[in-house]
Structures are given as C-alpha cells and as structure tokens.
Amino acid sequence: MAVAIAVATAATGLAGTAFAGPSTGAENSASSSVTTADSIVKAARTAAFAHASATGVSQGDELHAQDVLIDPEGARHVRFARSHNGMQVLGGDLVVHLSRQLAYTGVTRAADHAVKPATKPKLTAQQAQEKAAVAAKGDAGTAELVVDARNGATALAYQVKVTDNGSSHTVVVDAVTGKVRSNAPDSDEFLSPKLLKTLRERGETIDPATGIGTGTGTAGLLGSGASGASGVTHYPATAHGTGKTLFVGNVGLTTTETSRGHYQLKDPSRYGTETRDAKGSETEKFSVGAKFTNTTDVWGNGSTTSRVSAAADAQFGVTKTLDFYKSTFGRKGIANNSKAAQAMVHWGKKVANAFWDPTCNCMLYGDGDGQMFKKPLVVLDVTGHELTHGVVEATAKLEPTHVDQYGQYGEPGSLNESLADIFGSNVEFFANNAKDTPDYLIGEKLGLAQKFLRRLDKPSLDKLEGTIDYWAPGTDDVEVHAGSGVSSHAYYLLAEGSGKKTIGTVTYNSPTYDGSTVKGIGRTKATAIFYRALTRYMVSTTDFHDARVATLKAAKDLYGATSTEYKTVDKAWAAVNVTAANTPAARH
C-alpha cells in the first residue's frame with residue numbers, strides 16, 4: 001500500500017520535515033534514502049512552471065503545497081492550490097507527479113484552460129456582499145476577490161461566506177457583471193433536500209429499530225487508569241469503558257480518566273478524538289459543546305432515554321472510521337495530520353439530519369424532528385459516509401457544479417457522494433459489528449420502507465432518490481446523491497463482479513450496461529485502487545470519465561498495466577457506460 005503523508009502548510013512551513021523513501025510498511029521518519037518535504041515541493045513547483053503547457057500555470061500564478069504523497073515504489077505527488085496575482089483561484093488546483101529522482105512525470109489539473117481574469121472589478125466589495133446576502137438569505141461576511149476558473153471559464157469574482165441560523169453558504173459573485181456564479185452550502189447533509197421533500201410527500205417516517213445488545217469487542221464496566229512502575233496512577237489516564245449504544249449494542253470505548261473515578265468521553269489513543277453535547281444549539285464551534293463526563297466508565301443505556309446513548313454511537317462510529325483509514329491506508333486522522341476527529345450530538349432543535357461541517361471540522365448529528373425522523377442519525381455507515389467527506393475535503397475537494405433549493409448537481413459532486421458511500425460501507429466491513437452487519441447497503445438501519453437508502457450493486461433499486469446505474473450525457477445535471485450510483489456501481493462490479501451473489505445476509509444482483517460479465521477482484525484491492533485514485537489522481541473537477549482514468553492510473557501503480565486488476569477496472573467502468581470512446585469534450 002502507498003504511504004500517505006500530509007504536509008503542514010501553516011506558518012511553520014515545510015522546511016526540515018523529513019520523509020522516508022520507498023517502504024512497504026507504515027510511515028517512517030528516517031531511512032537510508034531521506035527526502036525532505038521542501039525539496040519535493042520545490043522540485044514539483046519548478047516542474048510545474050517548466051511544463052507550463054501541460055500544467056496550465058502562467059505568469060502571476062503562485063502554487064501553495066497542500067500535501068505530499070510518497071509511494072512505496074518511489075513516485076512523489078504534490079497537491080497544490082493556486083493563487084493568481086495574490087488572489088485564490090477557484091478550480092485551480094493541481095497535482096504534480098514526480099519520479100523517485102524528482103523528475104516530472106505528469107500532472108492532474110482541475111482547470112483545462114489558462115487563468116486570465118479581468119484586471120479590475122466593477123462591483124465594490126459592499127455590493128458583492130449585498131448580492132450574496134440576498135442569494136443565500138443570511139448575513140454576509142467580508143467579500144474577498146478571487147479568480148473563478150471553474151466550469152470552463154475564468155472570471156474575476158468576489159467570494160463571500162453567508163451565515164444563517166447555524167448554517168453557512170459560500171457565494172461567488174462575478175466582480176464585473178454582478179451575476180451570482182455559485183451559491184453552495186458549506187456542510188454536506190446526509191439526507192438531501194430532495195429526499196426530505198420526497199419522504200414528506202409520501203408521508204414516510206424514519207424510525208430505526210434500537211435496543212441494547214452485545215456487539216463485537218469487550219470492555220469492563222469500569223475504567224482502569226494507567227499506572228506507572230510505582231503503582232501510582234498519573235492523570236489524565238487512558239481508560240477502557242463501555243458504550244451502551246442505540247445501534248451497535250455494547251461496545252468498547254477508549255476514554256479518559258481525568259481523576260480517580262471521573263471519566264470523559266475522549267479517546268487519548270486516537271489523537272484526543274471526542275464527542276460532545278451541542279444541547280440543542282446550532283453552533284459550529286466544537287469548544288461550545290458540553291463535555292460528556294461520568295463517574296463510571298459506562299456511556300448510555302441503549303435507549304434515547306439517555307442522551308449519552310447517541311454520543312456512544314457517535315464516538316464508536318468516529319473511532320472505527322479513524323481505525324479503518326489508519327489500518328487500511330496508514331492515514332492518520334481525517335486530514336492525515338494526526339489531529340482529533342470531533343463530533344457533536346443533539347445538534348439543533350428537531351434537526352432531521354447529520355453532516356460533516358468543515359467550518360467546525362467535525363460531525364454534527366441532529367436528533368430528528370420527532371415526526372418524520374424519530375431518532376438521532378448516529379448510524380455507523382452514516383458516520384463513515386460523512387467523515388469520508390472530510391477526507392475528500394482534505395484531498396481532491398470534489399465540488400458540485402451547480403446548486404438549487406432542492407440539492408446539488410454535477411458529476412464531481414456525485415463522485416464525492418459515491419466515495420462517501422464506498423468508504424462508508426467499508427467502515428462497516430472493518431467494524432464487523434454483530435448488531436450492524438457489514439454490507440453494500442447505505443442507511444439500511446434507518447428504518448426506511450425500501451429497507452435501505454442507497455445500495456452499490458444496483459443503485460436504481462433506490463426509488464426515493466432515483467439513483468442511476470449508468471452514465472449518460474445528461475448525468476451532470478442529476479442530483480449528486482442520485483448521480484452517485486454511476487461510480488458506486490463501478491466500484492461494486494470491480495470488487496464483487498456482476499450477477500447474483502449472496503454476501504452475509506444480503507443477496508445482490510449487479511447488472512451491466514453492455515450485458516458483459518465482470519469478475520470482481522475483491523473488496524480489498526478495489527478499495528485500495530479507489531483510495532489511491534482519490535488521493536493522487538483526483539482534483540476538484542474530476543468527473544466520471546476522469547475517475548476512470550484516475551482508477552486506471554492507480555491500478556497501474558499498484559498492480560501493473562498488464563494485470564488482471566487493471567483490465568478489470570476498465571471493464572467495470574465500461575459496464576456502467578463510462579469508456580474512453582464516449583468521453584465528453586473538456587468542460588473544466
């Protein structure tokens with residue numbers, strides 16, 4: 001597996017950070033072939049300007065390193081954000097690929113055109129703020145001049161953050177014409193506005209079955225502090241308690257013993273990952289949440305009669321997601337920076353949703369509205385799904401191409417949702433919990449009439465969101481959750497193959513667009529390919545045809561261009577009607 005290494009871009013800079021050369025194991029801090037991060041970034045930046053015709057960089061551009069990835073076979077990949085004459089370039093991100101010897105080998109870029117905006121705005125910042133406030137129906141922050149290089153054009157624009165009742169939108173206003181170029185929510189809700197509308201029209205409720213039971217993992221009912229050789233416990237100490245959850249039974253939770261007989265729902269073994277109580281507020285500041293503390297290391301009672309039960313589910317889901325990414329890919333935290341993942345439960349009043357919030361850098365869970373949604377959305381695959389949005393935010397930053405009152409649209413946004421479903425289902429397989437058995441279904445614990453929200457083998461079985469099985473020329477105009485079926489289906493075919501198959505307690509039957517038969521390569525290899533593609537070869541504008549290319553490059557890296565794995569990637573995409581032959585004209 002490849003080693004993923006996040007590079008800090010804070011004021012401390014990149015200088016002096018030593019990275020190991022090729023390795024087949026976990027991250028190392030030193031080896032016989034050490035390359036410093038700043039030397040890799042310098043080589044990549046130099047290569048980007050030397051190969052400007054391929055990379056698209058030009059005079060006035062500055063490249064800002066976001067992360068560096070070093071593969072065991074020796075390749076280096078540097079992800080850059082771009083600015084132009086000091087202004088952030090939206091859609092200007094790129095990944096420069098280097099050899100072991102730091103020679104240029106290629107680029108993956110978001111914008112396929114030159115970045116040449118107008119030089120002077122006609123709108124004032126105040127006028128842009130007023131237009132943004134009207135568009136997003138909230139209070140506008142300070143307008144910042146940016147270059148908008150998305151959707152095949154370049155424009156001088158203002159970017160404005162607009163807030164309203166705990167939610168926020170980023171609005172981009174053309175600095176010359178005054179047109180609102182985009183208006184997108186900053187957080188990604190698990191249940192889309194379109195789905196909520198459909199459920200209300202049907203009069204359907206979500207009332208997941210809950211109850212106490214025995215899940216995988218064991219833990220004592222009381223925590224045990226860590227003692228030194230003298231037998232004296234030093235606080236705070238690592239403790240091992242029990243979560244009595246709503247959805248996954250009794251599970252072990254690593255917690256913090258703050259003093260003798262006093263515990264906090266905070267995991268010191270996973271960077272201080274913690275769940276807090278928002279207490280009905282719509283805050284996006286984790287520090288405002290109330291700490292969960294107790295005099296016994298037992299959390300919840302398996303029922304909503306204890307507000308701690310939802311917290312136990314959330315903490316279990318977050319830590320299992322962290323463990324999945326670290327154990328499978330060596331990824332240390334959501335942003336691969338060895339920092340805590342955070343969650344707040346009981347967020348807002350009668351909020352029927354859960355979502356990853358990049359402003360808070362945490363998971364936020366509502367309690368449901370008490371009518372259509374009667375329990376908190378703290379289900380394991382929901383957490384895995386939403387935290388994966390955090391991983392995408394830290395890597396490719398896949399974005400929808402357009403947004404309206406009913407949802408988000410565009411293939412990059414659909415791919416984002418698909419990756420969240422793919423890795424969310426993998427979190428279930430990794431956790432292997434007896435009360436939430438792993439499968440290729442998403443939201444199967446929500447209590448929906450159709451028994452799941454989405455599924456990967458035949459996405460069109462989801463009638464609530466109208467998820468699609470195959471790509472077509474109009475797919476870019478499909479709502480992102482519905483459009484996610486294209487790449488989710490390709491992933492399932494790559495992993496498990498076409499046709500009828502029973503895995504665990506679920507029977508699958510995956511069709512193909514062209515009637516072909518696909519023989520899967522297994523979930524482990526398929527997941528490795530999609531993760532490498534995400535972290536090395538995807539950028540903010542990656543669509544389904546770009547994703548095909550990205551996964552082929554990843555398969556070539558991992559298994560070789562003549563391998564069965566490489567050939568099966570090609571077959572899996574063809575089976576969902578994504579081929580080299582039907583690639584649309586460039587629209588980035």
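Colleague: Which residues of helix 11 are buried?

Modeller: In helix 11, the buried residues are Phe544, His545, Ala547, Arg548, Ala550, Thr551, Leu552, Ala554 and Ala555. Buried means under 20% relative accessible area, exposed means over 50%, and partly exposed is in between, using a 1.4 Å probe and protein chains only. Please note that this is a predicted model, in which local features need pLDDT of at least 70 and side-chain atom pairs count only at pLDDT 80 or more, while totals for chains, interfaces and linings use all residues. Residues are numbered from 1 along each chain as its sequence is written, and side-chain values use heavy atoms, with hydrogens and water left out.

Colleague: And what covers those buried residues of helix 11?

Modeller: The cover includes helix 7, helix 8, helix 9, helix 10 (523-537) and helix 12. Helices (H or I, at least four residues) and strands (E, at least two) are DSSP runs, numbered from the N terminus.

Colleague: How far apart are the end C-alpha atoms of helix 11?

Modeller: They are 22 Å apart, which agrees with the 22 Å that its 16 residues (544-559) should span at 1.5 Å a residue. The expected span is 1.5 Å times one less than the number of residues.

Colleague: Let us turn to helix 9. How many of its residues are buried?

Modeller: Helix 9 is mostly covered, with 12 of its 12 residues buried. Among them are His489, Tyr491, Tyr492 and Glu496. Just after helix 9, Gly497 takes a positive phi of about 90°.

Colleague: At what angle do helix 9 and helix 12 cross?

Modeller: The axes of helix 9 (residues 485-496) and helix 12 (residues 564-574) cross at roughly 140° and come within 9 Å. Axes are lines fitted to C-alpha atoms, for helices over the stretch in contact, and angles run from 0 to 180 degrees between N-to-C directions. The two helices are therefore oblique to each other. Angles under 35 degrees count as roughly parallel, over 145 as roughly antiparallel, 65 to 115 as roughly perpendicular, and the rest as oblique.

Colleague: Which residues make that contact?

Modeller: Helix 9 contributes Ser487, Ala490, Leu493 and Leu494, while helix 12 contributes Glu565, Thr568, Val569, Ala572 and Trp573. Contact means heavy atoms within 4.5 Å. These residues divide into six nonpolar, two polar and one charged. Here Ala, Val, Leu, Ile, Met, Phe, Trp, Tyr, Cys and Pro count as nonpolar, Asp, Glu, Lys and Arg as charged, and the others, Gly among them, as polar.

Colleague: How does helix 7 pack against helix 9?

Modeller: Helix 7 (residues 411-431) packs at an angle of about 40° to helix 9, with the axes 7 Å apart. Leu415, Ser418, Asp421, Ile422 and Asn426 of helix 7 meet Ser487, Ser488 and Tyr491 of helix 9. This contact divides into three nonpolar, four polar and one charged residue.

Colleague: What about helix 6: at what angle does it cross helix 7?

Modeller: The axes of helix 6 (residues 380-394) and helix 7 cross at roughly 130° and come within 7 Å. That makes helix 6 oblique to helix 7.

Colleague: Where does Ser484 lie, and is it buried or exposed?

Modeller: Ser484 lies in the loop between helix 8 (480-483) and helix 9. At 1% relative accessibility, Ser484 counts as buried. Leaving aside neighbours within four places in sequence, Ser484 is in contact with Ser414, Glu417, Ser418, Asp421, Arg454 and Thr467.

Colleague: A change of topic: which peptide bond is cis?

Modeller: The bond from Tyr235 to Pro236 is cis, with omega near 0°. Pro236 is placed in the loop between helix 4 (193-202) and strand 15 (237-244). Most residues other than glycine have a negative phi, and most peptide bonds are trans.

Colleague: What is the phi of Tyr271?

Modeller: Phi of Tyr271 is near 65°, a positive value in a residue other than glycine. Tyr271 is found in the loop between strand 18 (266-267) and strand 19 (273-277), and at 28% relative accessibility it counts as partly exposed. Ser338, also not a glycine, has a positive phi of about 60°. Ser338 is partly exposed, with a relative accessible area of 38%.

Colleague: Finally, how many helices and strands has the protein?

Modeller: The protein has 12 helices and 31 strands. Buried residues make up 56% of its 588 residues.
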